[in-house]
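Here are my notes on this one, as promised. Have the model open while you read, and follow along point by point.

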Amino acid sequence: METTASAGAAPVKKRRRAPKTTVEALGNDVLNMIFTFLDLAHLIRCSAVCKSWSTVIRKLKLLQIQYHKQQQADFGSVSDVSNLSETSINRQMEQLAMDRQRLSLQEGPVDVFKWKAHSVGFSKCRMKMGLILTGVGDKVMRLWSAESCKALDEYRLPDKAPLIDFDFDEGKVVGLVGTRVCIWRRVGTRDLFSSREGLFTRGLCMRYVDPHAVIGCEDGKVRVFDMYSRKISQIIKMHPGAVSSLSFTDEQLIVSGSSLGSISISDLSSDQHIATLETTGSSGIKTLCLSPSSYSVFAGSSAGYASCWDLRTLRRIWETRVSPNVLYSMHHLNNDKSTLVVGGIDGILRIVDQNNGRVISRCILDENRNISNRRPTDNNNKKGLLVERKKGIRLSEDERIDLMPNLPPIQCLAVGMQKVVTAHNDTDIRVWKFSN
């Protein structure tokens, strides 16, 4: 009588699959070895990922070494690396990165990564340090990796009050929730602080630069919430009508737009009103963007006009009707003085020249061209959401928009290095990646 292979055999134990090692587990010695193999462009990108990577690259003077090698290859010049100051190297690196940014946005191939981020439509997105935060629409904000499209964390609202606006940094997420400010800690002990209800009248928009959250309200006033005292520290009257958009800088400059079409500038440090910028027409200001590096203020209106003012002279430099319909959002990299990305109700992503207002490229998503699908896994090897990779199309100058099929409106956008994330008031997030 034959015995089966399983007769009397001990049950086979399933081998547990070890969790994946994350990049945070790499020590400085391993990072040193990896970074020494990279060229100048990739070193610049790595130094912008996080402070720890930037510190490693700076201590080894890898940027100086690679810059020296490139100069020697391009011009045959020979110089001592030790004589290259960090300031001059950083300036050159920044210029190289911004040139690369403009070239990719203006004419590079475009791939769009699309996946379901929320169960209901969301209308806001922010992008910093390679991370994307999405929300406004349901009761949760979600944090994503811009590179891998993985879900990293989520932040739930404390009650039924609606989320109106939000922002984040390395340590916290700050949200405008109903008539109060909520703060979620991202590191250490996970806790939630909520200010008292009725802290201000109806808030419409918010911008955050530590330690202040600036809230634009329906009564035309801006309330400044201090993170340390957790109280409203200043109230500034900006407009006779509702504050519809805001921009706030590290230099404590507040620029606000009104639903009645005015733009007002105040200095938070001195609590002084600086100026009211001259605008044309009566169309409301829907979006604002401030560039401290070029001393410029950009605005988008409900009539499709994009405008630019010089903060030093307070004069308008240009005004262009970039779209026949309302503009909802505009943004650019902090140190970029050449390109501005604009989105609005027609769903077209426009790249605008900051110096003259000329539209240098228009992009749309080709829903019919699916390049590939994938499901990224998390650290526990669980399959994530389906990520579709689609093709982006650059429209020609003579292509008529009115003959194109309706596209989902771009409610909000955020710009990173060679990428743009967009929110369309539907359930899907779209990350546009530009190559060169």
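1. Start with C125, which sits opposite T134 of β3. β2 and strand β3 (residues 131-135) run antiparallel and are joined by five bridges. Strands here are DSSP runs of E, at least two residues long, and helices are runs of H or I of at least four, numbered from the N terminus; two strands pair if DSSP finds at least two bridges between them.

2. A word on what you're looking at: this is a predicted model, where local features need pLDDT of at least 70, side-chain atom pairs count only at pLDDT 80 or more, and totals for chains, interfaces and linings use all residues. Residues are numbered from 1 along each chain as its sequence is written, and side-chain values use heavy atoms, with hydrogens and water left out.

3. Now the whole sheet: it is open, with four strands in the order β2-β3-β4-β5 and antiparallel pairing. β2 (124-128) and β5 (151-156) are the edge strands with a single partner each, so one side of each has no neighbour in the sheet. From one strand to the next, the twist averages 20°.

4. On to the helices. α1 (residues 28-35) packs on α3 (residues 51-59) at about 65°, with axes 10 Å apart (axes are lines fitted to C-alpha atoms, for helices over the stretch in contact, and angles run from 0 to 180 degrees between N-to-C directions). That makes the two roughly perpendicular, a label covering 65 to 115 degrees.

5. Who touches whom? N28, L31, N32 and F35 of α1 meet W53, V56 and I57 of α3, contact meaning heavy atoms within 4.5 Å.

Terms used. Angles under 35 degrees count as roughly parallel, over 145 as roughly antiparallel, 65 to 115 as roughly perpendicular and the rest as oblique.
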